[in-house]
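User: I am new to this structure and would like to learn how to read its features. Please give the general idea each time, and then the case at hand.

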Amino acid sequence: MSDQRPIVANLDFDTVKQDIISYFQSKEQFKDYDFTGSALNLLIDILSYNTHYYSLASNFLMNESFMDTALLRQNVVSIAKRMNYLPRSRRAASTTVTLSVTKQTGDVIVIVPAGTEFTAASGNSSMSFYNIEDYTVQFQSTDPVGTIKTVDVVIYEGLYLTQRFTAEKNYEEFAFFDLGQEGIDTSTIYTSVNGSSYNLVLPASETLFEINGQSNIYFLEENRNGNYNMVFGDGIAGKPLNHGDQILSTYIVSNGADGNGVSSFTVGVPGRSDIVVSAVSAPTSGGGAKESTQSIKDNAPKWFQAQSRCVTTND
């Protein structure tokens, strides 16, 4: 007896249904059966839909499992993670401005704190820029009141945000904390735990020889929502968090390329109206969008091949 089976290679519903009908008609008992309007036709519809959906799901599943054929960003990022590749975040436009600080009575050290706002006009709207670290100006005791000193400050376009977390237990595994903001420039993140600074370990700088179970480090990874998780150590790669640890993270949420080309700023240091912007090194630049899905697909395999090693013409 010949083994005649329905063709299941087709994904189209109508084709699948016709294949099932053709299979039935190949049997002697259904050879002259009119399937139109029959109860059996309803059952064939259900079988066809079921086959159609499962075929599509299987096709999508296999396509999304490989870098070349995946379409969803979260799946491409997940595959790139296995290659130790962190997709580039949105980048904030930046520049260096020179501040003039006039000595007031009693001034010895003047601090321009991180998060100081610099305002710039851009077309019909204004934009905010911030410095992400403290800058200091020191006066000598012999300097008379009215002495002017300058300091160069790097500023970034966007919003300067602070986020706090509390460790809920003693972690023996990696601890994940979702920053939960779109448009973060990961190069501007500063993180501390209980007041102690923690260093961000990027794939480009990561080595096994410099990291141990007591290293004050954390990692970053893009999650399935397109935001970023901070990942703290497990006692082998990085110091683990303990119950009650206070985590403080600051960063810039940027508008990307919209902040490029700005060259005029005013600054507002609380209580110091004498501090003004006296020079701008160049119009703001460097702002850009986060890495696209196609760029990740192009760059992740090449990153994995090179892994920051020296590349020669023979490679």
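User: How many bridges join strand 7 to strand 13?

Analyst: Strands are DSSP runs of E with at least two residues, helices are runs of H or I with at least four, and both are numbered from the N terminus. Two strands pair if DSSP finds at least two bridges between them. Here, strand 7 and strand 13 (residues 246-253) run antiparallel and are joined by eight bridges. Leu159 has Val253 in strand 13 as its bridge partner. This is a predicted model, in which local features need pLDDT of at least 70, side-chain atom pairs count only at pLDDT 80 or more, and totals for chains, interfaces and linings use all residues. Residues are numbered from 1 along each chain as its sequence is written, and side-chain values use heavy atoms, leaving out hydrogens and water.

User: In what order do the seven strands form the open sheet?

Analyst: The order is 7-13-9-10-11-12-8, with mixed pairing. Strand 7 (159-166) and strand 8 (175-178) are the edge strands, each pairing on one side only.

User: Which residues of helix 3 are buried?

Analyst: Buried means under 20% relative accessible area, with a 1.4 Å probe and protein chains only. In helix 3 (residues 73-81), the buried residues are Arg73, Asn75, Val76, Val77, Ile79 and Ala80.

User: Against which elements do the buried residues of helix 3 pack?

Analyst: Contact means heavy atoms within 4.5 Å. The buried residues of helix 3 pack against strand 11 (217-222) and helix 4 (293-306).

Technical notes
Buried < 20%, exposed > 50% of the residue type's maximum accessible area, 1.4 Å probe, protein only.
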